[in-house]
Amino acid sequence: MTLLGICGSLRKKSLNRALLRAVAETLPADAALVMFERLGEIPPFNSDVEGDPEPVAALKEALRAAEGVVIATPEYNYSVPGVLKNALDWASRPQPSPLRGKPVGIVGCSVGMSGSMRAQYHLRQILVYSDSPTLNQPEILIPRAQERFDQDGRMTDESTRDLMRKFGAAMVAHAQRHAA
Ligand SMILES: Cc1cc2nc3c(=O)[nH]c(=O)nc-3n(C[C@H](O)[C@H](O)[C@H](O)COP(=O)(O)O)c2cc1C
């Protein structure tokens, strides 16, 4: 099974990207996570534009090819980063959108105590429109994330890694349950 990883942070040393790498490392053996790394190339959504700009077409193709999507979102001002919302706006239009019915898992971390909680609940709300079933449990809301990764972004905290393993297994089962 192939899952698509999307990180809402464009930062090179993003903790949320490191979290997605930990998802990839702890997935069951028959599943793989491929990253979509072009969020920063997607132009601001404008419905005057006819057709999809190339990075948007690439995103839609990657969404179509994947059996599920794992989105890692930081919390920016109590919500998801604009680049992530912008990409989801593009992906949602026109119908039929490759997001429609696509199983999604949400993970996130923060340097503070929120663990990206408010952003994640906004993201669940956004995905209601495309009827994308979102995995409910286990929730991956990681506070004080800087204490759980080393300088190279490798997860060093074993209890968090165990949680990621549970998430990976649940995510694969979720994608299988909702297979098109
Ligand atoms: C524009 C901006 C807004 C932020 N707003 C919040 C916030 O509302 N709540 C929070 O817990 N952290 C907030 N943060 C801190 C981020 O959660 C923290 O920088 C996190 O590490 C970013 O994710 P990244 O490491 O994947 O880039 C904000 C950071 C930025 C740059």
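Mentor: A disulfide is a pair of cysteine sulfur atoms within 2.5 Å. The structure under discussion is a predicted model.

Trainee: To how many disulfides does the count come by this rule?

Mentor: A disulfide is a covalent bond between the sulfur atoms of two cysteines. For a pair to count, its sulfur atoms must lie within 2.5 Å. By this rule, the count comes to 0 disulfides.

Trainee: Which cysteine sulfur is nearest to that of C7, and how far away is it?

Mentor: C7 is in no disulfide. The cut-off for such a pair is 2.5 Å. The nearest cysteine sulfur is that of C109, at 8.3 Å.

Trainee: Is C7 buried or exposed?

Mentor: The term buried applies under 20% relative accessible area. The relative accessible area of C7 is 4%, so C7 is buried.

Trainee: What of C109: does it count as buried or exposed?

Mentor: C109 is in no disulfide either, and the nearest cysteine sulfur, that of C7, is 8.3 Å away. The relative accessibility of C109 is 2%. Because the limit is under 20%, C109 counts as buried.

Trainee: Let us turn to the ligand. Which residues around the ligand come nearest?

Mentor: There are 14 residues around the ligand. This shell divides into 5 nonpolar, 6 polar and 3 charged residues. Those that come nearest are S9, R11, S14, N16 and N77.

Trainee: What share of the ligand's accessible area does the protein cover?

Mentor: On its own, the ligand has 620 Å² of accessible area. Of this area, the protein covers 71%.

Trainee: What is the volume of the largest cavity?

Mentor: The count comes to 1 cavity of 30 Å³ or more. Its lining consists of I6, L39, L59, L63, L84, A87, L88, A91 and L99. The volume of the largest cavity is about 40 Å³.

Trainee: Which residues lie closest to the centre of the largest pocket?

Mentor: The largest pocket holds about 240 Å³ of space. Its lining divides into 3 nonpolar, 4 polar and 6 charged residues. Of the 13 lining residues, the closest to the centre are K13, L15, D150, Q151 and G153.

Definitions and conventions:
Residues are numbered from 1 along each chain as its sequence is written. This is a predicted model: local features need pLDDT of at least 70, side-chain atom pairs count only at pLDDT 80 or more; totals for chains, interfaces and linings use all residues. Side-chain values use heavy atoms; hydrogens and water are left out. A residue is near a molecule or strand if one of its heavy atoms lies within 4 Å of it. Accessible areas come from the Shrake-Rupley method with a 1.4 Å probe; for residues, only the protein chains shown count as cover. Ala, Val, Leu, Ile, Met, Phe, Trp, Tyr, Cys and Pro count as nonpolar, Asp, Glu, Lys and Arg as charged, and the others, Gly among them, as polar. Buried means under 20% relative accessible area, exposed over 50%, partly exposed in between (1.4 Å probe, protein chains only). On a 1 Å grid over the protein atoms alone, a cavity is a set of points where a 1.4 Å probe fits but cannot get out, and a pocket is an open set with protein on both sides within 12 Å along at least five of seven lines; lining residues have an atom within 4 Å of a point. Grid points are joined across faces, edges and corners, and a volume is the space filled by probe spheres set on the points.
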